[in-house]
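Subject: Structure for you to look at

Hello,

Here is the structure I promised to pass on. Please open it and keep it beside this email while you read.

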Amino acid sequence: IKCDWSSDVCSSDLFSVPVAVMTRDERGALAGIALGISEAGANIESVMQDATNGEGFVQIRFRLQVESVAHLERVLARIEAEPCVERATRGWQVAGG
């Protein structure tokens with residue numbers, strides 16, 4: 001069996017990952033988060049926003065395309081750098097949210 005382990009073989013492969021974000025329910029929050037995701041080099045496949053939880057926070061769920069686990073970690077860090085964001089995690093639900 002012939003194998004090629006060169007680094008460019010899978011360079012275009014992207015992985016679809018669910019990400020949940022708990023953010024303050026304020027104007028521009030979704031736009032800022034989406035901009036951060038784009039600046040971190042990830043693609044947004046889909047987004048769904050839940051109703052406000054009554055305490056001024058809302059959960060936004062994304063399906064993102066990332067290159068690797070390390071790339072996902074950079075994307076999550078960039079999302080959490082947004083002033084309105086309380087927490088961003090891999091999965092469909094923010095723990096405790």
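Cover here is counted by contact, meaning heavy atoms within 4.5 Å. Helices (H or I, at least four residues) and strands (E, at least two) are DSSP runs, numbered from the N terminus. Buried means under 20% relative accessible area, exposed means over 50%, and partly exposed is in between (1.4 Å probe, protein chains only).

Two notes on the source. Residues are numbered from 1 along each chain as its sequence is written. The model is predicted, so local features need pLDDT of at least 70, side-chain atom pairs count only at pLDDT 80 or more, and totals for chains, interfaces and linings use all residues, while side-chain values use heavy atoms, with hydrogens and water left out.

Which residues of helix 2 are buried? They are His71, Leu72, Val75, Leu76 and Ile79. Seen down the axis of helix 2, the buried residues fall within an arc of 140°, so they line one face of the helix. That arc is taken from the directions from the helix axis to the C-beta atoms.

The length of helix 2 also checks out. Its 12 residues should span 16 Å at 1.5 Å a residue, and the end C-alpha atoms are 16 Å apart, which agrees. The expected span is 1.5 Å times one less than the number of residues.

**The whole protein**

Now step back. The protein has two helices and four strands. Along the sequence they follow the pattern β-α-β-β-α-β. Of its 97 residues, 34% count as buried. The accessible surface comes to about 6,100 Å², and 52% of that belongs to carbon and sulfur atoms. Such areas come from the Shrake-Rupley method with a 1.4 Å probe; for residues, only the protein chains shown count as cover.

Look at the contacts too. Take those between residues at least 6 apart in sequence: 69% of them join residues at least 24 apart.

**Strand 1 and its partners**

Find strand 1 (residues 15–24). Seven of its 10 residues are buried, so strand 1 is largely enclosed by the rest of the structure. Two strands pair if DSSP finds at least two bridges between them. Strand 1 is joined to strand 3 (residues 57–66) by 10 bridges, and the two run antiparallel. In this pairing, Pro18 stands opposite Arg63. Five bridges join strand 1 to strand 4 (residues 85–90), again antiparallel. Here Ala20 stands opposite Thr89.

Next, go to Trp92, in the segment after strand 4. Is Trp92 buried, partly exposed or exposed? Trp92 counts as partly exposed, because its relative accessibility is 37%. Setting aside residues up to four places away in sequence, Trp92 touches Pro18, Ala20, Gln59, Arg61, Phe62 and Arg63. Trp92 and Ala20 are 72 residues apart along the chain, yet their C-alpha atoms are separated by 5.3 Å.

**Salt bridges**

Side chains of opposite charge can pair when their charged atoms come close. A salt bridge here is a side-chain nitrogen of Lys or Arg within 4 Å of a carboxyl oxygen of Asp or Glu. By this rule the count is four.

One of them joins the side chains of Glu26 and Arg24, at 3.2 Å from N to O. Glu26 is partly exposed at 39% relative accessibility. Arg24 is partly exposed as well, at 35%.

Another joins Glu39 and Arg78, at 2.6 Å from N to O. This pair links distant parts of the chain: Glu39 is in helix 1 and Arg78 is in helix 2, 39 residues apart. Glu39 is exposed, with a relative accessible area of 52%.

Arg78 also meets Glu82 in a salt bridge, at 2.8 Å from N to O. Arg78 is partly exposed at 23%.

Where does Glu82 lie? Glu82 is in the loop between helix 2 (69–80) and strand 4. Glu82 counts as buried, because its relative accessibility is 14%. Leaving aside neighbours within four places in sequence, Glu82 is in contact with Gly32 and Ile33.

Best wishes
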